[in-house]
Each structure stands twice: as C-alpha cells, then as structure tokens.
Amino acid sequence: MTQATAPVAVGGRSRDGIAARLAADLKDGYVVNLGVGIPLLIPKHIPAGVEVILHAENGVFGLGPPAPAGQEDPDLTDAGKQPVTLITGAAIVDSAMSFAVVRGGHLDVTVLGALQVSARGDLANWYVPGKNPAVGGAMDLVAGAREVWATMEHVDRAGRPKIVPECTFPLTGCGVVTRVYTDLAVFHVIDGQLVLKECAPGVDPDVIRERTAASYVEDLG
Amino acid sequence: MIDKFRTDPAVALAPIPSGSCIAVGGFGSSGRPDTLLDALCDLDRRDLHVVVNNVGSDFTGIGRLLAEGRIRRLTASFPVLPEFYDVYFAGNVELELIPQGTLAERLRAGGAGIPAFYTPSGAGTMLADGTFPLGYDASGDVAACMPERERREFGGREHVLEYGIVADFALVKACQGDRRGNLRFRLSARNFNPLAAMSGRYTFAEVEHVVEAGELGPDDIHLPGVFVDEVLLASAESPRQPAYSVIPGATS
C-alpha cells in the first residue's frame, strides 16, 4: 500500500481567491445559484459594475454578502444555513418554486463544490461510499442550470488528484460540468473535452500536469 | 364560526398515533416548527416516518426523536447531524435520500392531487438506479435499497418517475396566522413550510404572531387556511432577531 503524502506547496489561490477568480467571469444580468463551500464566498467578490441575481436553493433570489455581526436574522439564511443579507429588489419564494426555477432552465450558472470532476465533465459531489451521504439540491441544479461551474482544491488532502479520467465516487450528474476553478487552474469543458485555459498566478503548467489525473488539452492563449 | 386556534400543543398533537408519516417544514433551523416538534417529542410516539429536508445539528426536535429510536424512516435531502448516520449505519433508521427539488415537488404534488411526475433530477445516478442503501442490518450489511425509479425519455433526455407524498400529518411554522388558518411566512423561513402543509392530510401550524381574520390581505396570504387545520402560538423561547439587512446596490 502506498503512503499518500501531502502536496508540496506550489502557490496558487486561496479559497477566497478561487471565489474571486470565478466571480470575475460572471456577466451582468446572470442568474447564478451558489452551492455550499467555496461558492458561498462569491457574494463579496462580485465585480463593480456587474449586477447578478444570486440564488440560494432555499428560495432566495438576490443574496447579498454575509450578515454583519449583530445583524444576523434567523429567518434569512443561504444554502449553507448561514445568515445573509439581501440586495435591493431581492425576492423570496418557497422551495418548490425555487427548484422550478432550477429545473425549468432559468439559471445561467450554478456554482458547486466538487469531490471529483472527470475528463468529460462528470461531477461527483454528494457521497463518498462508507461516509455520510447528503445530496441537497445538487442533482436538481446540474439537471437544470445552463452551465455548471465546479470549484474545488486541485488535489485532495492526501495529495490525490480530483480531476480524474473517470469519477470513482457516485455521480451527481454525467457530462454536466462546463468549467472547473481550482487553486491552481481554470479548465473549460468544450465538446466533452477538458481544456486548460489558465494557470493561477505563479503556477507552472508542469505542476498542473503533475496534479491532474485526467487528460486535457492546453489552450493558454 | 371557523376557529382553528388551539392553545396547548400537547393536547393538539395527542391524536397523532405511532406509525404516522409526518411532513415537517424548515430549512436548517430557519422556519423549523420547534414548538410543535418539542410537543411531539414529549408524546411517546414511535415508528414514525418523518419527511423533512434536514435533521438539525442538535438533539432537539427530530434529532431527539432519532436519538430515542422513534423514527423508522427519514425522507430527506440533507441530513446534517453526524449522529444520524451512526443510527443509519447501525440499522436503526431507514434513509430515503431525495434530491431537494424532488422532495419539495413530491410534497407539493401530494398535496395537489398529482400522484407522480417525471423529473430529470437524479436520472442516471445512484439515487435512481436501485443501488442506494435504504437501510442496513445489525451486522452493517445493506438490508434494502431504495427502489429503482421508472425511467422515460422526453426530448431525448432521461427522466425518472417520482411519487407525490401524502403525509398523515404536517408540522409547519409561519410568521403570522389567523383563525381561519391563513398563513404568511417571513423571508427564507418560508422554504418547505407551504409544501409540507399541502402534503399533510391534517396540518398543524405554529405562528409567531396571531392576527385577526382580515388583517392579512387576500393578496398577502402565502398559504390559504384550507391547507391548515390547527394554529398554535410558537413558544416565545424560540430566539430570533427582527431585523434583516438590505445592502443597497450590493452587487452593482
């Protein structure tokens, strides 16, 4: 049995840095669902001059940044059950209406955390067999959103790649991921093929190659 | 005269028998009917099938029922309580794990007279192919799996058949309610509450504020009283703060 070793530090983005990099790709007018984890760091990184509608699966359209200390309201939380704020013009609906928006094709993007993403854009993010299963809205979101942007650390805590030829964990959806944002890189999935579009500042493409198990095309333009 | 107000939760919930299927509103602790759940906990009811999005992160309410071995089956999308899984893997509770949007729609459909519907959510996954463990036996082996979903293609895409949920009872929470059972929710505490209320053949609502009939305008009622059978005042002990923040132009 091989002993997995923790990855050597190679620079790259923090979790907040991943959120900020992804937020820079959101376009004015987008309706964007945010899953739990790194995605919930996005509201504070929306670029100036860009107006987006941030959706939380529990029925909020128009999420603002986290609630300031002392202004938390237990009746107003995000998908991670943390107290949030609303932007002007926000709307709130029940859970069935919330997911009618999701499945009905009315979301431009859903941003989800990931355990694994495969070479053709399969997503696994709900269950490690033997551990505690919990699905939340992930399967509805990947079924309904126009684009699925996965955010995650490039490798797991033991240093094993999370971008893999085939997902070994149970799938959330098949061929659904359209972009992957990690601490090291940005990938797009184009015609079922993973394409490296960008290395994080100070990260060498060789490091990404070393830490990515799936095959991919480089288009660093 | 229609008067759905009741004063004592223990008396109100007493007719719920062991073995019941109970739909519960709330998303995490937001909109969770704690007063009714506490009252249910104090009644010695067992063998319950609870339909709820989450099992909270503490041992009150559903967490307590679970810890006391009184839940036979949980239908949920996102149990949180780590101890829930200990009970599940030990073979003492069944878990019907359902995508969140499917769970909401199953409750809505059950209350709306729709016996089943097709959805793309979960198609091609372990939650639809008959391999997800519904329960384990005492030796830790899989005792039963969730049934494989019937499949059908629409527009060249696979969908799965999901059944509406008609619960024997529902426990929900609202901000305001009147004697006719009309309810108004507040902010994201609405979540599963109207859907659980629709699903219940007999629905109990706890409200933070009791209002006179007519005080809620017809356009301001989120759930009409036809879906609600009894209305109780939420315990003043459930802590909450009134204000929420709107950040003007936060994303512009």
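This is a predicted model: local features need pLDDT of at least 70, side-chain atom pairs count only at pLDDT 80 or more; totals for chains, interfaces and linings use all residues.

1. Cys21(B) is buried, with a relative accessible area of 11%. Cys175(B) is likewise buried, its relative accessible area being 12%.

2. On the extent of the interface: 48 residues of chain A are in contact with 57 residues of chain B. The two chains bury about 4,000 Å² between them, and 59% of this is on carbon and sulfur atoms. Of the area that chain A buries against chain B, 15% is supplied by Asp75(A), Lys81(A) and Arg103(A), more than by any other three residues.

3. Asp73(A) forms a salt bridge with Arg186(B), where the closest N and O atoms are 2.6 Å apart. The count of residue pairs in polar contact between chain A and chain B, both at pLDDT 80 or more, is 20. As for where the side of chain A that touches chain B comes from, strand E3 (60-66), strand E4 (84-92), helix H2 (95-103) and helix H3 (138-144) of chain A each supply at least two residues. The largest share, five residues, comes from E4(A).

4. At the start of H2(A), a side-chain oxygen of Asp94(A) comes to within 2.9 Å of the backbone nitrogen of Ala96(A). Just after the helix, Gly105(A) has a positive phi of about 85 degrees.

5. Strand E1 (residues 31-34) of chain A is covered on both faces. Val31(A) and Asn33(A) are buried on one side, and Val32(A) and Leu34(A) are buried on the other. In a regular strand, side chains alternate between the two faces of the sheet.

6. What does E1(A) pair with? Three bridges join E1(A) to E2(A), and the two run parallel. Here Asn33(A) has His55(A) in E2(A) as its bridge partner. Three bridges also join E1(A) to strand E5 (residues 109-113) of chain A, again in parallel. In that pairing Val32(A) stands opposite Val109(A) of E5(A).

7. Chain A also has an open sheet of three strands, in the order E7-E6-E9, with mixed pairing. Its edge strands are E7 (123-124) and E9 (163-164), each of which pairs on one side only. Strand E6 (residues 116-118) of chain A is joined to E7(A) by two bridges, and this pair runs antiparallel. Gln116(A) has Ala124(A) in E7(A) as its bridge partner.

Conventions:
Residues are numbered from 1 along each chain as its sequence is written. Chains are lettered from A and ligands numbered from 1 in the order in which they are written. Side-chain values use heavy atoms; hydrogens and water are left out. Two strands pair if DSSP finds at least two bridges between them. Helices (H or I, at least four residues) and strands (E, at least two) are DSSP runs, numbered from the N terminus. Buried means under 20% relative accessible area, exposed over 50%, partly exposed in between (1.4 Å probe, protein chains only). Contact means heavy atoms within 4.5 Å. Buried area is the accessible area (1.4 Å probe) that two parts lose on being put together, summed over both. A salt bridge is a side-chain nitrogen of Lys or Arg within 4 Å of a carboxyl oxygen of Asp or Glu. A polar contact is a pair of N or O atoms within 3.5 Å; within protein, one must be able to donate a hydrogen and the other to accept it, and residues adjacent in sequence count only if both atoms are side-chain atoms.
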